[in-house]
Amino acid sequence: MPKLKTRKAALKRYKVTGNDNFLRRHAFKGHLLMKKSNKQKRKLSQVLCIKKSDIKAIRLMLPY
C-alpha cells in the first residue's frame, strides 16, 4: 500500500488542534471589504472549529 500524499491546499487551510479537531477561517474576508460593516469583518476574522460531519473528509486529505 503506497503512502498517502498530503493535499497541499488542505494543509494551508486547516490547522490541527491538540485533541485532533481542525480549525478554519471564515469565507468572504478576501476582497470587497469596503461595503461590509466593521462588525461583519470582525466576526469573519474569528477562527472556528470544523463540524463533525466534515472531519472524516479532512482527515483523508491530511494523513497524519
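Good morning, colleagues. The structure before you is a predicted model. Its mean pLDDT is 94, and 100% of the residues reach 70 or more. Confidence is highest in helix 2, residues 38–44, at a mean of 98, and lowest in helix 3, residues 52–61, at 94.

Let me turn to the core. In soluble globular proteins, nonpolar side chains tend to be buried together. Here, the largest nonpolar core comprises six residues, namely Ala10, Phe22, Ile50, Ile55, Ile58 and Leu62.

I would draw your attention to one of these, Ile50. Where does isoleucine 50 sit? The residue lies in the loop between strand 3 (48–49) and helix 3. Isoleucine 50 counts as buried because its relative accessible area is 11%, under the 20% cut-off. Setting aside neighbours within four places in sequence, isoleucine 50 makes contact with Tyr14, Phe22, Leu23, Arg24, Ile55 and Ile58. With tyrosine 14, the separation is 36 residues in sequence, and the C-alpha atoms are 8.9 Å apart in space. Isoleucine 55, with the same exclusion of neighbours within four places, contacts Asn21, Phe22 and Ile50.

Finally, the largest pocket. It holds about 170 Å³ of space. Its lining consists of Lys12, Arg13, Tyr14, Lys15, Leu23, Arg24, Arg25 and His26. Helix 1 (8–13) and strand 2 (22–24) are the elements that each give two or more residues to this lining.

Thank you for your attention.

Conventions
Residues numbered from 1 in each chain as written. Predicted model: local features only at pLDDT ≥ 70, side-chain atom pairs only at ≥ 80, totals over all residues. Heavy atoms only, no water. 1 Å grid on protein atoms, 1.4 Å probe; cavity = no way out; pocket = protein on both sides within 12 Å on 5 of 7 lines; lining within 4 Å. Points joined across faces, edges and corners; volume = space filled by probe spheres on them. Helix = DSSP H or I, 4+ residues; strand = E, 2+ residues; numbered from the N terminus. Core = buried A, V, L, I, M, F, W, Y, C linked by side-chain atoms within 4.5 Å. Buried < 20%, exposed > 50% of the residue type's maximum accessible area, 1.4 Å probe, protein only. Contact = heavy atoms within 4.5 Å. pLDDT = per-residue confidence, 0-100.
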